[in-house]
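Have a look at the sequence and the structure first, then work through the points below.

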Amino acid sequence: SLKWTAHPVTWSFDGEADIQEGKLVVKEGAVKAGAKIRIAENAILESEGASLTNAVLRGNGKVVGGELVGCTVKAPLNDNDIVDADNILTINASVKDRLYFDIELPEDEVLSSPYPSNILLAKWEGDTKVDVSKWRIKGLPGNLTSQFTANDDGTITGSIKAEGMFLLIK
């Protein structure tokens, strides 16, 4: 695990990192695809104009600057279809392609109607609302889709919805 202050990282890593406090500043190429990064409450992962590609992020710290490309945020739902506060990241970065949320359903739980809606999945900060149009919940069955909303209060919520046509034959 890393305890870091605001010194830019010039080396690269692709394993696991646990940023417990302070600010970890990364440059282009410092975080390799597949890196797994936990960002604690008082910690910041700051990307100085760099792209974070296919990284797996979790925790309740902040992701600031740069661009998220195909990243996954771990946001496991508990038995009440709520994400615990220690898994709500604050995101102030742009998203290229998609940003995926892995809601890691509790073991043996299957999504069924009514589907979870308005789930608090992340927070945003900054002068402009985060564009959530490219955000998706990962691993949904074919007839389900997700929709995200960046709310005025700085929260980002997600809902799972059924898509397609259903016929009721009596």
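A nonpolar core is a set of buried Ala, Val, Leu, Ile, Met, Phe, Trp, Tyr and Cys residues joined through side-chain atoms within 4.5 Å. Keep that in mind, because buried here means under 20% relative accessible area. What you're looking at is a predicted model. Its protein chain has 11 strands and zero helices.

**The whole chain**

- Reading along the sequence, you get the pattern β-β-β-β-β-β-β-β-β-β-β.
- Of the 170 residues in the protein chain, 44% are buried.
- Take the contacts between residues at least 6 apart in sequence: 44% of them join residues at least 24 apart.
- The protein chain exposes about 9,300 Å², and carbon and sulfur atoms supply 46% of that area.

**The nonpolar core**

- In soluble globular proteins, nonpolar side chains tend to be buried together.
- Here, the largest nonpolar core has 45 residues.
- Which residues have the most contacts inside this core? They are I91, F101 and W135.
- Strand β7 gives the largest share of the core, with six residues.

**The aromatic residues**

- The structure holds three aromatic pairs.
- One of them is F101 with F148, a tilted pair with 5.3 Å centre to centre and 40° between the planes.
- This pair links distant parts of the chain: F101 sits in strand β7 (residues 89–102) and F148 in strand β10 (residues 144–150), 47 residues apart.
- Is F101 buried or exposed? F101 counts as buried, because its relative accessibility is 0%.
- F148 is buried too, because its relative accessible area is 8% and the cut-off for buried is under 20%.
- F148 also pairs with W135, and this time the arrangement is edge-to-face, with 5.8 Å centre to centre and 65° between the planes.
- W135 lies in strand β9 (residues 135–137) and F148 in strand β10, so their pair ties together parts that are 13 residues apart in sequence.
- W135 counts as buried, at 0% relative accessibility.
- Put together, F101, W135 and F148 form one aromatic cluster.
- Leaving aside neighbours within four places in sequence, F101 is in contact with a list of residues that includes V73, A75, I91, L121, W135 and F148.

**How some strands pair**

- Strands β3 and β5 (residues 56–59) run parallel, and four bridges join them.
- For V56, the bridge partner in β6 is T72.

**A close look at E46**

- Where does E46 sit? You'll find E46 in strand β3 (residues 36–47).
- The side chains of E46 and K23 are joined by a polar contact of 3.1 Å.
- Not counting residues up to four places away in sequence, E46 touches K23, L24, V25, V26 and V64.

Key:
Residues numbered from 1 in each chain as written. Predicted model: local features only at pLDDT ≥ 70, side-chain atom pairs only at ≥ 80, totals over all residues. Heavy atoms only, no water. Helix = DSSP H or I, 4+ residues; strand = E, 2+ residues; numbered from the N terminus. Polar contact = N/O pair within 3.5 Å; in protein donor to acceptor, adjacent residues only side chain to side chain. Contact = heavy atoms within 4.5 Å. Pairing = 2+ DSSP bridges. Phe/Tyr/Trp six-rings, centres within 6.5 Å; stacked < 30°, edge-to-face > 60°. Buried < 20%, exposed > 50% of the residue type's maximum accessible area, 1.4 Å probe, protein only. Areas by Shrake-Rupley, 256 points an atom, 1.4 Å probe, with all protein chains shown as cover.
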